[in-house]
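Grab a pencil and keep the viewer open. Each exercise below gives you a task, and then we work through it together.

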Amino acid sequence: MSTQELIDIARTMVADDKGLLAMDESNPTCNKRFASAGIPQTVEYRRAYRELIITTPGLGESINGVILYDETIREKKKDGTPFVKAINEAGIIPGIKVDAGTNEMAGHPGEKITEGLDGLRDRLREYGQMGARFAKWRAVIAVGDDIPSRGCVEANGHALARYAALCQEAGIVPVVEPEVLMDGEHTLDRCREVTEDVLRTVFSQLHTQRVLLEGMILKPNMVLPGLACPKQPGVDEVADATVQCLLRAVPAAVPGIAFLSGGQSGELASARLNAMNVRFKSRLPWALAFSFARAIQQPALEIWRGEQGNVFAAQKALYHRASCNRAARRGEYDAAMESGLEGIQ
Ligand code: 13P
């Protein structure tokens, strides 16, 4: 795999005003979401749900890439077609989550470190052979009175950079995801300050580990106050704070920034992404895209509830949220789009 091929994949991932769909929930996370929707937590229900997602008619109109999980990348549709084949046939690039989840960080109460570097070179080789063209690694940064600590930010930044270097060695585009969490009472300003510091650290580590910026995608949080903060800003204020922070910390060589949704509602995530593109798109060096899980999937999951008879209605809702986010990339999203689920027939 040449450097140019890595760059081409990274650019394709954020091309044509489309984005990424994260469907890489680990089994415990997927089971938790199934439990709250009253869906049985079995391997077959997880498979059926993922088949529902990837067979949504027209999904490729808004989605360039899907992020799979280890269990999912090995699965097949009911008719025996491997998921990876079905995804490619839908004109979508398959990707894979490769971190092994988070664990308590020694000596740092309340903070987490992402694990999974051991054996990663071999796992990337296997995923590459299975057809994955990009990978994802998520670090989480909690905000509180005395956190995040330098130790947590640096250790997670270092792990992200080591992961990204291994991906590029394997010809796989790294999606670098440092997530500053929304839990807590912190203000918008505090989130901006923490996010800027985290991103500066991550890019310093990426440089140290010789990661090619043109061959990666950044997946950050939007700059948002904590969910328990009494002052919740408007959409434009979020857009301004987020773009200001990114302009300070993200090098222009990065082709795309694909936000995580982090627990925002689908409508708010679309409205905020839209505001960023309306206000700034023409002057930004990178594409501002999306790589949402909950903000695209949640309505579909709630409609499906594990029942075959609900598959089409769930796919319609999934298609709708994906289309809203494509519109948001163009700065053409309007809350009025939410009143009708126009789309697939
Ligand atoms: P959310 O959009 O639900 O935050 O998920 C994105 C993701 O991939 C988390 O790692």
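**Exercise 1. Is Q315 buried or exposed, and what does its side chain reach?**

Step 1: Q315 has 7% relative accessibility, so it counts as buried. Here buried means under 20% relative accessible area, exposed means over 50%, and partly exposed is in between (1.4 Å probe, protein chains only).

Step 2: Find the element. Q315 sits in helix 12. Helices (H or I, at least four residues) and strands (E, at least two) are DSSP runs, numbered from the N terminus.

Step 3: Follow the side chain of Q315 to the backbone oxygen of L52, at 3.0 Å. That pair is a polar contact, meaning N or O atoms within 3.5 Å; within protein, one must be able to donate a hydrogen and the other to accept it, and residues adjacent in sequence count only if both atoms are side-chain atoms.

A word on the model before going on: it is predicted, so local features need pLDDT of at least 70 and side-chain atom pairs count only at pLDDT 80 or more, while totals for chains, interfaces and linings use all residues. Residues are numbered from 1 along each chain as its sequence is written, and side-chain values use heavy atoms, with hydrogens and water left out.

**Exercise 2. Where does N156 lie, and which residues does it touch?**

Step 1: N156 belongs to helix 7, which covers residues 150–169.

Step 2: Its relative accessibility is 1%, so N156 counts as buried.

Step 3: Now list the contacts (heavy atoms within 4.5 Å). Not counting residues up to four places away in sequence, N156 touches K112, I113, T114, A139, V140 and I141.

Step 4: Zoom in on T114: the N156 side chain reaches its backbone nitrogen at 3.3 Å.

Step 5: Compare that with E61, which is 95 residues from N156 in sequence and 35 Å from it in space, C-alpha to C-alpha.

**Exercise 3. What surrounds the ligand, and how much of it does the protein bury?**

Step 1: There are 13 residues around the ligand, and the closest are K136, K219, S261, G262 and R294.

Step 2: Look for N and O atoms beside the ligand's oxygens. A backbone N or O atom of G262 is 2.6 Å from a ligand oxygen, and one of A293 is 2.8 Å from a ligand oxygen. R294 uses a polar side-chain atom instead, 2.7 Å from an oxygen of the ligand.

Step 3: Taken alone, the ligand exposes 300 Å², and the protein buries 93% of that (Shrake-Rupley method, 1.4 Å probe).

Step 4: Which elements give two or more residues to the shell around the ligand? They are strand 6 (134–141) and strand 10 (287–292).

**Exercise 4. Where is K136 found, and which side chain does it join in a polar contact?**

Step 1: K136 is found in strand 6.

Step 2: With 5% relative accessibility, K136 counts as buried.

Step 3: The side chains of K136 and D24 are joined by a polar contact of 2.6 Å.

Step 4: Leaving aside neighbours within four places in sequence, K136 is also in contact with other residues, including I67, Y163, E177 and K219.

**Exercise 5. What stands out in the backbone at P148, D17 and R305?**

Step 1: I147 and P148 are joined by a cis peptide bond, with omega about 10°. P148 is in the loop between strand 6 and helix 7.

Step 2: D17 is not a glycine, yet has a positive phi of about 60°. You'll find D17 in the loop between helix 1 (3–13) and strand 1 (19–22), and at 18% relative accessibility it counts as buried.

Step 3: R305 isn't a glycine either, and its phi is positive at about 50°. R305 is partly exposed, with a relative accessible area of 42%.

Step 4: Stay in the loop between helix 11 (294–304) and helix 12 (311–330) to find N310. N310 touches I303, W304 and R305, not counting residues up to four places away in sequence, and its side chain reaches the backbone oxygen of I303 at 3.2 Å.

Terms used:
A residue is near a molecule or strand if one of its heavy atoms lies within 4 Å of it.
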